[in-house]
Amino acid sequence: MSNNETIKASNFIHQMIEEDLANGVHTKVVTRFPPEPNGYLHIGHAKSICLNFGTAEKFNGVCNLRFDDTNPEKEEQEYVDAIKSDVTWLGFKWDGEVRYTSDYFQQLFDWAVYLIKEGKAYVCDLSPEEAREYRGNFTTPGRNSPYRDRSVEENLELFEKMRNGEFAEGACALRAKIDMQSPSMILRDPMLYRILHKSHHQTGDKWCIYPIYDFAHGQSDAIEGITHSLCTLEFEEHRPLYDWFIENLPVPAQPKQTEFARLNINYLVMSKRKLKQLVDEAVVGGWNDPRMPTISGLRRRGYTPMSIRNFCDSIGVTRSNSTVDMGMLEASIREDLDKNAPRAMVVTQPLKVTITNYEEGEEEWFEVPVHPKDESMGVRKVPFTRNLLVEQEDFAEVPPRKWKRLTQGVAVRLRGSYVITCEEVVKDADGNVVELKCTYDPATKGENPVGYKAKGVIHWVSADNSVPCEVRMYDRLFTEENPEGDKERDFKEFINPESLVTLADARAEIGMKGADVESRYQFERTGYFCVDPDSSDEKLVFNRTVGLRDSWAKMQK
């Protein structure tokens with residue numbers, strides 16, 4: 001930020017940074033986004049991405065992407081690749097190369113040795129169960145480990161043996177020597193290193209001891225010169241330990257941890273463990289299933305990067321935990337696509353319409369706007385033929401009151417073309433309506449009918465010249481606002497059985513043939529949809545992103 005430039009603070013974090021810059025605490029802002037590569041990122045992580053990268057952008061600083069890869073038991077290269085893809089797709093660019101905490105394993109080991117030599121760390125042989133017992137609880141002080149007073153020489157020897165793989169997993173651990181009587185549980189001689197005989201996706205088999213997140217995190221921030229370490233509120237109780245390490249190690253910088261409220265949204269589960277459970281148990285089709293709250297799932301469903309960024313901006317950054325209504329997220333993409341998505345006519349559940357007074361083999365092309373509110377997007381052409389398709393739900397034998405669609409003897413306008421009148425209803429042996437025989441009024445091309453009125457306007461496609469497609473009608477994955485709220489029941493009991501309804505025989509207007517994956521459209525009178533990667537040359541596949549209106553809010557009322 002230049003001396004002459006004033007940036008208005010938009011939240012308490014930006015206000016703090018402004019003060020730091022004004023007081024000369026820092027001359028350049030350096031933030032980081034530090035995901036653990038143990039799953040795919042979700043919409044909650046998007047808030048953190050937008051905050052960390054957005055803050056750096058706002059103050060002309062830089063933001064690092066660093067993988068906190070300290071637990072090889074749960075980490076995979078697949079997650080690393082997916083996270084990089086998500087951050088890039090959202091429109092952010094990290095500074096320099098991707099960083100890994102594992103890049104600093106040797107330095108972290110050396111600092112652990114430093115703490116041992118300073119008499120501030122020791123190798124402890126207590127089992128995990130015994131360590132929990134010695135730790136005490138919020139009402140009972142902890143007790144010193146019987147191994148706490150080992151000599152520096154013995155601790156150095158034992159720690160080296162840990163590194164060399166001479167102990168089994170769980171046999172011992174390196175712990176900081178702080179204060180077992182501390183009212184802060186986190187300061188009761190926390191673990192620094194544990195033994196894990198596991199191969200690491202970045203370092204292979206070089207290490208069999210791995211630093212605990214709390215030890216690695218702050219020191220990695222210091223190595224990278226992070227000025228503002230932004231994390232969610234659950235890490236607030238870890239801040240005293242973060243600061244203790246910074247104060248007791250010869251680190252090259254003094255980063256400052258600041259916490260903000262995490263993002264909670266109703267009708268969603270955002271525990272990575274539970275999301276993985278949904279994937280592993282095949283409740284959903286994978287991490288990028290369009291019903292998942294993952295960034296890759298939202299992308300596949302049809303959300304745009306800007307809609308997610310606008311949503312994250314709109315909910316703000318505070319220190320108060322709260323739950324955001326799912327309707328806000330849906331409104332963000334609805335607003336984006338209403339402005340930017342081209343329109344198209346797609347019949348999702350076709351009913352045959354035969355125009356009896358139109359010649360077989362004839363074809364007439366109509367021009368309709370790509371976007372009714374944006375002339376710059378041009379026009380598209382749709383063919384009118386004798387054989388058409390309309391939505392089954394746009395016909396009623398016995399119409400309800402105020403019906404404005406097809407019924408026998410009533411005229412309706414086909415969007416962008418002629419007015420037609422249903423003259424005869426054809427049924428199969430079971431009494432199902434399978435065809436409507438209609439007549440068209442050739443004088444209604446671009447003109448209102450004379451002597452009668454069209455009841456309404458419906459969409460349609462040519463049965464002879466249209467694109468076969470599959471439409472996947474996605475809805476919210478859970479039926480309950482808080483699927484995790486009932487501790488007596490499994491959250492999977494609240495899965496919405498209608499979260500996916502597949503319509504395999506839909507037909508789209510011919511201009512959509514060959515539509516690119518991730519192309520987004522408004523299906524007229526239906527909703528917003530996105531081309532799925534499962535599409536082929538023979539058949540397009542569309543995912544419903546969101547309806548034209550918030551049907552859930554209406555249901556709740």
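**Close-up 1. Salt bridges, starting with R319 and E259.** Search the whole predicted model and you get 41 salt bridges, counting a side-chain nitrogen of Lys or Arg within 4 Å of a carboxyl oxygen of Asp or Glu. One of them joins the side chains of R319 and E259, at 3.4 Å from N to O. R319 sits in the loop between α11 (305–315) and β11 (323–324), while E259 is in strand β9 (residues 256–260), so the bridge ties together parts that are 60 residues apart in sequence. Helices (H or I, at least four residues) and strands (E, at least two) are DSSP runs, numbered from the N terminus. R319 is partly exposed, with a relative accessible area of 36%, whereas E259 is buried at 1%. For these labels, buried means under 20% relative accessible area, exposed over 50%, and partly exposed in between (1.4 Å probe, protein chains only).

The model is predicted, so to speak of local features a pLDDT of at least 70 is needed, and side-chain atom pairs count only at pLDDT 80 or more, though totals for chains, interfaces and linings use all residues. Residues are numbered from 1 along each chain as its sequence is written, and side-chain values use heavy atoms, with hydrogens and water left out.

**Close-up 2. The bridge between E330 and R476.** Here the side chains of E330 and R476 meet at 2.8 Å, N to O, in a salt bridge. This pair links distant parts of the chain: E330 belongs to helix α12 (residues 326–340) and R476 to the loop between β23 (466–474) and β24 (500–509), 146 residues apart. Both E330 and R476 are buried.

Close-up 3. K427 and E397 form a salt bridge through their side chains (2.8 Å, N to O). K427 comes from strand β19 (residues 419–427) and E397 from the loop between β17 and β18, 30 residues apart. K427 is partly exposed, with a relative accessible area of 40%, and E397 is partly exposed too, at 46%. As for the network, salt bridges link R32, R66, D68, D221 and E224.

**Close-up 4. Y79 against W287.** The structure holds 26 aromatic pairs. Rings of Phe, Tyr and Trp (its six-membered ring) pair if their centres lie within 6.5 Å; planes under 30 degrees apart count as stacked, over 60 as edge-to-face and the rest as tilted. With ring centres 5.9 Å apart and planes at 75 degrees, Y79 and W287 make an edge-to-face pair. The two come from distant parts of the chain, 208 residues apart: Y79 from helix α3 (residues 77–89), W287 from the loop between α9 (272–280) and α10 (295–301). Y79 is buried, with a relative accessible area of 3%, and W287 is buried at 7%.

**Close-up 5. A tilted pair and a ring cluster.** Y213 and F235 form a tilted aromatic pair, 5.6 Å centre to centre with 40 degrees between the planes. Y213 lies in helix α7 (residues 213–223) and F235 in the loop between β8 (228–232) and α8 (239–248), so the pair ties together parts that are 22 residues apart in sequence. Now for the cluster: ring pairs link F105, F109, F159, Y193, W207, Y210, F215, W244 and F245.
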